[in-house]
Amino acid sequence: MSIDTRNFDQMLTELRSVSAVASGKPAQQANPVGGGTDFAVALKSAIDEVSQAQQSAQQMTQDFASGSSNVNLQDVMVNLQKANISFQQMVQVRNKLVTAYHDIMNMQV
């Protein structure tokens with residue numbers, strides 16, 4: 001599992017812009033590199049991928065429990081672990097976002 005780093009530059013630009021506005025400086029309009037993706041869209045996509053991984057693992061677990069012959073225990077366990085790791089990663093991203101939100105809200109203007 002790898003982390004998509006394509007949108008970090010755009011996120012940094014947006015955070016700098018918000019920080020500049022919060023400190024009373026005029027925000028500079030930067031042209032996003034390559035057209036960039038909206039942060040909300042990227043976050044929604046990541047959440048959907050985690051949800052899909054969990055649903056897939058759950059379906060495979062149900063298939064194994066019902067005695068389906070095309071599902072083996074090793075595949076079920078691997079998919080459950082993948083879903084668990086992706087969920088834990090999403091929780092860590094949420095924690096970082098909450099921390100960043102609190103840091104921005106605690107800035108003195």
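## Helix H2, end to end

Let's start with helix H2, which covers residues 39-65. H2 has 27 residues, and the distance from its first C-alpha to its last is 39 Å, close to the 39 Å expected at 1.5 Å a residue. After H2 comes Gly 67, and its phi is positive, near 90°.

Keep in mind that you're looking at a predicted model.

## The whole chain

So what is the overall layout? The protein chain has three helices and zero strands. Reading from the N terminus on, you'd write its elements as α-α-α.

How much of the chain is tucked away? Of its 109 residues, 9% are buried. The chain exposes about 8,700 Å², with carbon and sulfur atoms supplying 56% of that area. Now take the contacts with a separation of 6 or more: 62% of them are between residues 24 or more positions apart.

## How confident is the prediction?

The average pLDDT of the protein chain is 81, and 74% of the residues score at least 70. Which elements sit at the two ends of the scale? Helix H1, residues 8-22, has the lowest mean pLDDT among the elements, at 70, while H3 has the highest, at 93.

## Helix H3 and what covers it

Helix H3 takes in residues 73-105.

Which residues of H3 are buried? Val 76, Ala 83, Ser 86 and Met 90 are. Part of what covers the buried residues of H3 is H2.

## Two pairs to look at

Find Gln 58 in helix H2. Its relative accessibility is 43%, so Gln 58 counts as partly exposed. Gln 58 and Val 76 are 18 residues apart in sequence, and their C-alpha atoms are 8.8 Å apart in space. Val 76 is one of the buried residues in H3.

Now try Asp 75, which lies in H3. Asp 75 has a relative accessible area of 38%, so it's partly exposed too. How far is Asp 75 from Thr 61? The two are 14 residues apart in sequence and 9.4 Å apart in space, going from C-alpha to C-alpha.

## One salt bridge

How many salt bridges turn up in a search of the whole structure? One. Lys 44 forms a salt bridge with Asp 48, and the closest N and O atoms are 3.1 Å apart.

Where do these partners sit? Both Lys 44 and Asp 48 are in helix H2, four residues apart, which is about one turn of the helix.

Last stop: the surface. Phe 64, Leu 73, Met 77 and Leu 80 make a nonpolar patch of about 330 Å². Which element gives the largest share of this patch? That's helix H3, with three residues.

Met 77, one of the patch residues, is found in H3. Its relative accessible area is 41%, so Met 77 is partly exposed.

How values were computed. Residues numbered from 1 in each chain as written. Predicted model: local features only at pLDDT ≥ 70, side-chain atom pairs only at ≥ 80, totals over all residues. Heavy atoms only, no water. Patch = residues over 30% accessible without salt bridge, like charges linked within 9 Å, V, L, I, M, F, W, Y side chains within 5 Å. Areas by Shrake-Rupley, 256 points an atom, 1.4 Å probe, with all protein chains shown as cover. Salt bridge = Lys/Arg side-chain N within 4 Å of Asp/Glu carboxyl O. Helix = DSSP H or I, 4+ residues; strand = E, 2+ residues; numbered from the N terminus. Buried < 20%, exposed > 50% of the residue type's maximum accessible area, 1.4 Å probe, protein only. Expected span 1.5 Å × (residues − 1). Contact = heavy atoms within 4.5 Å. pLDDT = per-residue confidence, 0-100.
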